[in-house]
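We will go from stop to stop.

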Amino acid sequence: MDDPVSTVGFAKGEDGTGPVTADGMMPLWAVSLGWELRRGRQVIINGQIRDRWWFEDRPASFREVVAGVLEVRGADVVGWWDPVAGLTFPLPGHAERFARLETDRPRTATGSGDRGTPADDRRQDDRRQDDRQRANPRSRRGIERERDRSSLLSPRSAGPPRAFDDVVATVHRLAASPDAATAFVFQDIDHHLPPGQPESSAGYLRLRAAMTDAVTPREALAGHRPHARNAVLCAVGDVGRLPGWFHLEDPRIATLHVGPPDPSERRLWLTWLRGDFNGAPDATRHDIEALVGATDGMSGWDIDALARTSWLRDVPLRKPDKLLELHRLNVSVDPWTQLDRETVAGAADVLGARVVGQSKAVDAVAAALQAAFVGVDFGGSGTARPRGAFFFVGPTGVGKTELAKAVAELMFGDQSAYARFDMSEYQQEHAAERLAGAPPGYIGHEQGGELTRRVQERPFSVLLFDEIEKAHPRVLDKFLQILEDGRLTDGRGQTAYFSQCLIIFTSNTGAEAVQSLLSGGDSEGGEEVPYSALEAHFTRAVEEKFRAIGRPEIYGRLKPGVVVFDMLRREHIVKIADRLLGQLTESVRERHQVELVPDTDTLHPWITERMSDPEHQAYGGRQIRNELERLREAVVARFLAQRPTPGSRIRLGIDADGTPWARTEEGNG
C-alpha cells in the first residue's frame, strides 16, 4: 500500500527555472496578474471570477485574491466597485487612506480644465443656495424644501462616491497622480453598461481613459515596490460582452483569462482538503492522483463541495469514479442500480421479442447492458466513458432504430429516455455548433447545444445518432471527444457528462450493394446469403468510409461496438407481417368495435413470395409494410361500401392472383 499523502508545496525551482506551479500562496492566474502590473499594463480579468482559490494557505474568494495581490505589489489603497455595493474597500484601513487622499487633494479652479467631481459641483450649488438665502430671507422655506427633496434622490456627500460616473472621475484623478500608489477594480461593468447603448459607450470611454492615463506612483507607504503604473482593472465573467474596441485598440490593456484550476492547483486543493473527505485515513497518494485527474475542469467550489458529497452519499475517497459520478449527477436514484437482476439477465429475450430476426445484434447489446449493470470495465481513471457505444450497420428496415427504442424502455422504463438525432441535418461544417452550442458572441450562444442540453437535463438516456455517415467530419470530431472523455463542454462553458448514457450510431453504409449481393445468391437451390458474408461486407464498407473521410481513429474507437444487422430471412418475414396485421386488427377493434380476422392460409404464402424478390428484400421490414398497405386499402374500401355493425367480423385475405379481399361476417361466431 502507498504511504498516506501529506501536505506538500508546488512551486518554481529555487534557481528560478522550470515551470511555475501552484504553491498555496497564490494561484497561477494571480501570478500572471502580478507580472502584467509590473510591466505597466492594465488588465481585464475574465472567466471564473466567482470561484474560490487558495491564497496564503487558505481558501479565498476572487475578490480577496485580487486585493491581496494588489496590496502585495505595492498599492496603498485598493478600491472595489460593483453595480450593487458601489465603491468599497476589501482590505482593512484602506477606506481611511482613501478618505485622507480625498481630504488632502488640492482644490482646482473651475476654469483650469479640471472641473472636479460631481460631488464638488453639488457642494458649490449648496454654497450658491446659502448666498441666495441670506440675500432674500423670505425664500428660506422654499429653498429648504427644495434641498430636502434633492437629498432624498442624491447620494450622501459623506463617504466614498457610489455612482459609477463619480467613482470613475475620482479614480481617473487619483490614477493620474503620482502622490499615492492606488489600485481600483471595476467588477461586472458589462451588466452596468450594456454594449450597444450610447450612454454605455461614453462610460467605457471614460473608464478606458482612467486606465490609460494612469502614471507611475511614488514609493508606497508600506515600503513595497510600487506598480509600474497605478492599477485600474476590470473583472467580468465573459470578455465577449465588452465592446471589442475597449480592450483591443490599446496595447497598454491586456486580457487575462481565469480558467478552472490546473492539475497542480487541484492537487493542492485535494491535499489540503484531504482530511475533510470520507475515508481520508485510508487514502493513499494514488487515490489523490486519481481524483486529480477525475476533477479536470471542475471549479474550486466544486472541489470543496466534493468533500461534502463524500459524506452525504457515503462514498470514500478511495472510490473517485463513484464519488465524481454521484457528485455530477446529483440524483438519489440511479436507474442502472434499480434494474432487476433477472430482467438484465434476460435482456436478450426481451429485446428479441421486439426486434425480429436480429439475434446477433440483440445478443451483443444485451451483453453490453449486462456489463454496464455489473459495472466491470478496464481501468478506473475517472474519465467516465459512456456505459456503452454501438455502431449499428446493415440493410435498411431491419430494426436498428426499433432496437434503440427497446433498449431505452428496458433500461429506464420509459421510451422518452430515448433521444434521436438525425445526422442528415448536420451535413454542414457549422452544424457542429448545434450539438455543443455557438461560441461566445454568436447568435444562440445563451441557449447552449441541442446535445449538451439534452444530456444535462436527462443524464440517463439512450442517444441515437441516425445515419451518422451523412454528418460532416467536424461533427464526428465531437463524438470522438465524447467516446474518449465522456464529456462535452458547450459554448457557455457548461459541461455535459455522458457517463450514464448509452450511445448508438446507425448507418446504412454499404446498403446500396445489398441488392446485388442478394441477387448473387443461389436462389434456385433455396440458399440465401449467409450472415458471415453480410458481416464481412458491411464491416469492410464502414472501415473504408471512415478512412475516406479522414477519421479512422473514430472507427478504431467504435470497432468493438460495431454490430452488423442481418437481412430479413424467410422465417422472419411471416413474424413481422403478423405483427403488422395485429396492429391493423387492434386499430379496427378500437375505432369501430369490429373484429378483423386475417386469413393466414392465403396471406403467409403471398407475403413470403413477394419478399423473395431481391429488390424487395433489400428494403427489409419497410417493404413488408409497403406490401401490406394493399390489405389496409381493402379494409378501408369495405367500411366505405358497407359499414359493418359493431360486433361483426371482417375476414381479410388475398386471391391467387394477388388481389386482396375483405368480407363481412355477421355475428360473433
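In which helix do R547 and E543 both lie, and how many residues apart are they? Select residues 531–548. This is helix α22, and R547 and E543 both lie in it, 4 residues apart. That spacing is about one turn of the helix. Remember as you look that this is a predicted model.

**Stop 1**

R547 and E543 meet in a salt bridge, at 3.4 Å from N to O. R547 counts as exposed, because its relative accessibility is 54% and the cut-off for exposed is over 50%. E543 is partly exposed, with a relative accessible area of 26%.

Next, select E36, R39 and R41. Salt bridges that share partners join these residues into one network.

**Stop 2**

Select R173 and E102. Their side chains form a salt bridge, 2.3 Å from N to O. Color residues 164–175 and 94–104 to see where the partners sit. R173 lies in helix α6 and E102 in helix α3, so the pair ties together parts that are 71 residues apart in sequence. R173 is partly exposed, with a relative accessible area of 23%. E102 is partly exposed too, at 24% relative accessibility.

Now move to R354 and E409. They form a salt bridge, and the closest N and O atoms are 3.0 Å apart. R354 belongs to helix α15 (residues 347–354) and E409 to helix α17 (residues 400–412), so this pair links parts that are 55 residues apart in sequence. R354 is partly exposed, with a relative accessible area of 24%. E409 is partly exposed as well, at 35%.

How many salt bridges does a search of the whole structure find? The search finds 25.

**Stop 3: two helices packing**

Select residues 263–273 and 285–294. These are helices α10 and α11, which pack at an angle of about 130°. Their axes are 9 Å apart. The two helices are therefore oblique to each other. Look along the pair: α10 passes α11 in a right-handed crossing. Show the side chains at the contact. From α10 come P263, R266, R267 and L270, and from α11 come I288, E289, L291 and V292. By class, the contact has 5 nonpolar residues, 3 charged ones and no polar ones.

**Stop 4**

Most residues other than glycine have a negative phi. Here are two with a positive value.

Select D188. Its phi is near 60°, a positive value in a residue other than glycine. D188 sits in the loop between β6 (182–187) and α7 (189–192). Is D188 buried or exposed? D188 counts as buried, because its relative accessibility is 11% and buried means under 20%.

Then select E467. It is not a glycine either, yet its phi is positive, about 55°. Look for E467 in the loop between β11 (462–466) and α20 (473–485). E467 is buried, with a relative accessible area of 19%.

**Last stop: the whole chain**

Zoom out and switch to cartoon. The chain has 27 helices and 18 strands. Of its 669 residues, 46% count as buried. Now think about contacts along the chain. Among those with a separation of 6 or more, 72% are between residues 24 or more positions apart.

Note on methods:
Residues numbered from 1 in each chain as written. Predicted model: local features only at pLDDT ≥ 70, side-chain atom pairs only at ≥ 80, totals over all residues. Heavy atoms only, no water. Axes fitted to C-alpha atoms, helices over the stretch in contact; angles between N-to-C directions. Parallel < 35°, antiparallel > 145°, perpendicular 65-115°, else oblique. Left-handed = near helix turned anticlockwise from the far one by under 90°. Contact = heavy atoms within 4.5 Å. Nonpolar A, V, L, I, M, F, W, Y, C, P; charged D, E, K, R; others polar. Salt bridge = Lys/Arg side-chain N within 4 Å of Asp/Glu carboxyl O. Buried < 20%, exposed > 50% of the residue type's maximum accessible area, 1.4 Å probe, protein only.
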